[in-house]
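Have the chain open in your viewer before you start reading.

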Amino acid sequence: MALAYKNKDPKWYKLDASKIDVTKVEGKSLYWVNIPLSNSIVTEMKSASGFRFTDEKHFWDYSLNGSAKAINTVQDKRAQAKERNATFEQYRSDCDRLAGHAWDPKGKGKGVAWGDINASAAIEACTKATNTWPYDARMMYQLARAYNKANNKQAVYHLERAIKFEYPAAYFHLGSLYDLGIFVTKDRTRAETLYQQAANRGSIPGLFESGQMDFKYGNKKRGEDTIFRAVQQDYPIAIAFIGIEISKGNVSNRTPSMATGFLRKAAKMGRSDASYRLAQMYKTGIGVSQNQSLYEEWMTFAAKQGNKKAKAAGF
């Protein structure tokens, strides 16, 4: 099967159509003709007035009146769709960049720390994203996070929407609001349930908070085991927490001297509470030998990390 086209003159111009696929329709005198439209074929057919199929014995002519306009329209629509999709994806990308959580198991990118969230910019970006992608639970959660940073109770509405899609980080975040009584009536039981639901869906922050609830108010040993599971995932808050509790003698089968490894690791991960606790251990000699030089070193380090107690002490 060969393919040719013609312009205004009567001459036919043969195209390189070696990849034309012709398949006979079973039981009928019909054929499917599949033409791979390379850029060169599209360009030539846009200016053509007709094209012809031939099998050397027969030929079939087809008019291409209006083909240039039709092809241009299709190409324009494709270009517009590509540009529109790129814009829509940018909305999502901006929302991820401005309001994503570093420990969101379904998050994209490295996330942004709570203190670094620009609430107004994040709300604008994530609103565009949720309007464009109304069923994207990640966008709902991140919009809620932005509203929370702006101290706006709409955070609860968007978290509840995300939970309808079983978004792990949304369970954790809403649990923290019930835990602290922010925008909602403080409810420890509700918070515990939400933390557990978050943990069951892969949220490490949810796992830690669930363990901390047990540690403080319920089954202490079970709480310790749960917190150590978060520690094994290198969750900085869990590492700092368990180090501090060990230093106070509050963890089963652990002496205060075993706290320093956890505290040093958490401090290097940015936890100023761990740095401050290490400083106090060296000051008082709890679990370590008293050392004024190391006390001052860790207090200075804690202050640089923004620890208020260290700064208040003049470091």
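## Isoleucine 242 and the cores

Let's start at isoleucine 242: setting aside residues up to four places away in sequence, it touches Ile227, Phe228, Val231, Val251 and Phe262. Here contact means heavy atoms within 4.5 Å. This is a predicted model, in which local features need pLDDT of at least 70 and side-chain atom pairs count only at pLDDT 80 or more, while totals for chains, interfaces and linings use all residues. Residues are numbered from 1 along each chain as its sequence is written, and side-chain values use heavy atoms, with hydrogens and water left out.

Which residues have the most contacts inside the largest nonpolar core? They are Ile227, Val231 and Ile242, in a core of 35 residues. Helices H8, H9 (220–232), H10 (236–247), H11 (259–268), H12 (272–284) and H13 (292–304) each supply at least two residues of this core, and H10 gives the most, with 7 residues. There's also a second, separate core of 22 residues, and Ala144, Tyr171, Val184 and Met213 are among them. A nonpolar core is a set of buried Ala, Val, Leu, Ile, Met, Phe, Trp, Tyr and Cys residues joined through side-chain atoms within 4.5 Å. Buried means under 20% relative accessible area, exposed means over 50%, and partly exposed is in between (1.4 Å probe, protein chains only). In soluble globular proteins, nonpolar side chains tend to be buried together.

## A look along H9

Helices here are DSSP runs (H or I, at least four residues), numbered from the N terminus.

Which residues of H9 are buried? They are Gly223, Glu224, Thr226, Ile227, Phe228, Ala230 and Val231. These buried residues pack against H8, H10 and H11.

## Charged pairs

A salt bridge is a side-chain nitrogen of Lys or Arg within 4 Å of a carboxyl oxygen of Asp or Glu. The whole structure holds 11 of them. One joins the side chains of lysine 220 and glutamate 224 (3.4 Å, N to O). Because these two are 4 residues apart in helix H9, about one helical turn separates them. Lysine 220 is partly exposed, with a relative accessible area of 34%, whereas glutamate 224 is buried, at 3%. Aspartate 225 and lysine 221 form a salt bridge too (2.9 Å, N to O), and they also sit 4 residues apart in H9, about one turn of the helix. Aspartate 225 counts as partly exposed at 39% relative accessibility, and so does lysine 221 at 42%.

Finally, salt bridges that share partners join Glu89, Arg92 and Asp136 into one network.

## Glutamate 209, without a bridge

Glutamate 209 is found in helix H8 (residues 204–217). It's buried yet has no salt bridge, and the nearest side chain of opposite charge, lysine 216, is 6.8 Å away. (Lys and Arg count as positive and Asp and Glu as negative; His and the chain ends are not counted.)

What does the side chain of glutamate 209 make a polar contact with? Its partner is the side chain of glutamine 212, at 2.8 Å. A polar contact is a pair of N or O atoms within 3.5 Å; within protein, one must be able to donate a hydrogen and the other to accept it, and residues adjacent in sequence count only if both atoms are side-chain atoms. Leaving aside neighbours within four places in sequence, glutamate 209 is in contact with Phe172, Asp179 and Tyr195.

## Positive phi angles

Most residues other than glycine have a negative phi. Glutamate 166, though not a glycine, has a positive phi of about 55°, and it lies in the loop between helix H5 (154–164) and helix H6 (168–180). Phenylalanine 183 has a positive phi near 70° and lies in the loop between H6 and helix H7 (188–200). Aspartate 234, which follows H9, has a positive phi near 60°.
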